[in-house]
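Trainee: Could you take me closely through one part of this structure, and then through what packs in its interior?

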Amino acid sequence: MFLSESDSISAADRFINYYSRFNRIDDYLRHVKKDRIADRPGYLFSAEEDMFDSFGMHPNDMDFQIHVVDTSAKMTHRYNQWMYSEVLNLTASNAVEEAIPGRTHKWIVTEKKTNKIVGVVRFGSPTINSKPRNNYFDKVVPLKEINRDFVMGFNIVPTQPFGYNYLGGKLLALLASSYELKRQFDDKYGTDIKYFETTSLYGTTKGMSMYDGLKPFLRHIGDTESKFLPLFHDDEFRDFFNWFNVRNNNERLISADKSSKKIKIQTKMISIIRKSLKDKEKLKEFNDSITHAMSLTEKKRYYLGDFRHTAQQAIEWWKKKASKRYDKLTKEGRVRRELELWQPGADLEIIR
């Protein structure tokens, strides 16, 4: 497919204008997040009422329960897909992708005495290639072994300010890497997983991760590579995709049965623009914008665990750390007491 010169310039300008508004990856993530919460429908009931808000409670007085999310469409169970998605969307600063291929297992974690939600976790099939994983095992781990031996924690998100006041992210990571997850995942999929892995969300945007300091349960064993392009999102992507399809004789750029369609579609767009664009100055500006966009992504810290602790051991270890944290915040008058939610008009600077 070739574009006319005027269409090539128009398409190049879309990329240039889209990426020029971001200086760091968290700028991009907040932009996408704010667009999505602005478009979210209203509901008669809100998950906000179910989120932990007893911030005068001491960690030593807490206990926790793990609920496997009911992902069926019936939604008769309290801990269903809607509740999981609502808590995640209201809390996480990154945009949440719902349609993810591969194995999936989800948790909602509650504090028992209040029966309120303190966080959510999603597990799934690990990434196919990982430099720190390969380095740690001193080989390129074969796909067969990855699917057989590994599970990944993708969304490990405490409600806020439970995370801030009580080191909630550490609690969820410890539970996620415990034998409880291995037992559930093996029962569900007939596996015998040996390793839990996860990565920090923001890489160098933050100097450290909430997973630091969790030895021997989770260990930082290296940093991932970061050579991918942040994707156009939602309507901006769909409009641009349709624009290309019209100029491709109303045929899709990429077959609908391809995996990772969005990445492949945007890669195809870039290739077509580069092949079609004759204006050398505009081509340079376009290439510079792609280089800038790729520089937004960062290396992420990679963590590995092997299920040697129970959920109760994780909670007991966490109580000691969380008590020190909470006592210090209390003494300094820095305990946060209001729920921190992503809602229309929100301008939260916290990245999590």
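Mentor: Two strands are said to pair if DSSP finds at least two bridges between them, and the elements themselves are DSSP runs numbered from the N terminus, with helices (H or I) of at least four residues and strands (E) of at least two. This is a predicted model, in which local features need pLDDT of at least 70, side-chain atom pairs count only at pLDDT 80 or more, and totals for chains, interfaces and linings use all residues. Residues are numbered from 1 along each chain as its sequence is written, and side-chain values use heavy atoms, with hydrogens and water left out.

Strand S5, residues 195-199, pairs with strand S7 (residues 301-305) in the antiparallel sense over four bridges, and there Phe196 has Gly305 of S7 as its bridge partner. Strand S4 (residues 150-158) runs parallel to S5, joined to it by four bridges, with Gly153 standing opposite Thr198 of S5. Four of the five residues of S5 are buried, that is, under 20% relative accessible area with a 1.4 Å probe, protein chains only.

Leaving aside neighbours within four places in sequence, Phe162 is in contact (heavy atoms within 4.5 Å) with residues including Phe52, Phe64, Leu171 and Trp318.

Definitions and conventions
Buried < 20%, exposed > 50% of the residue type's maximum accessible area, 1.4 Å probe, protein only.
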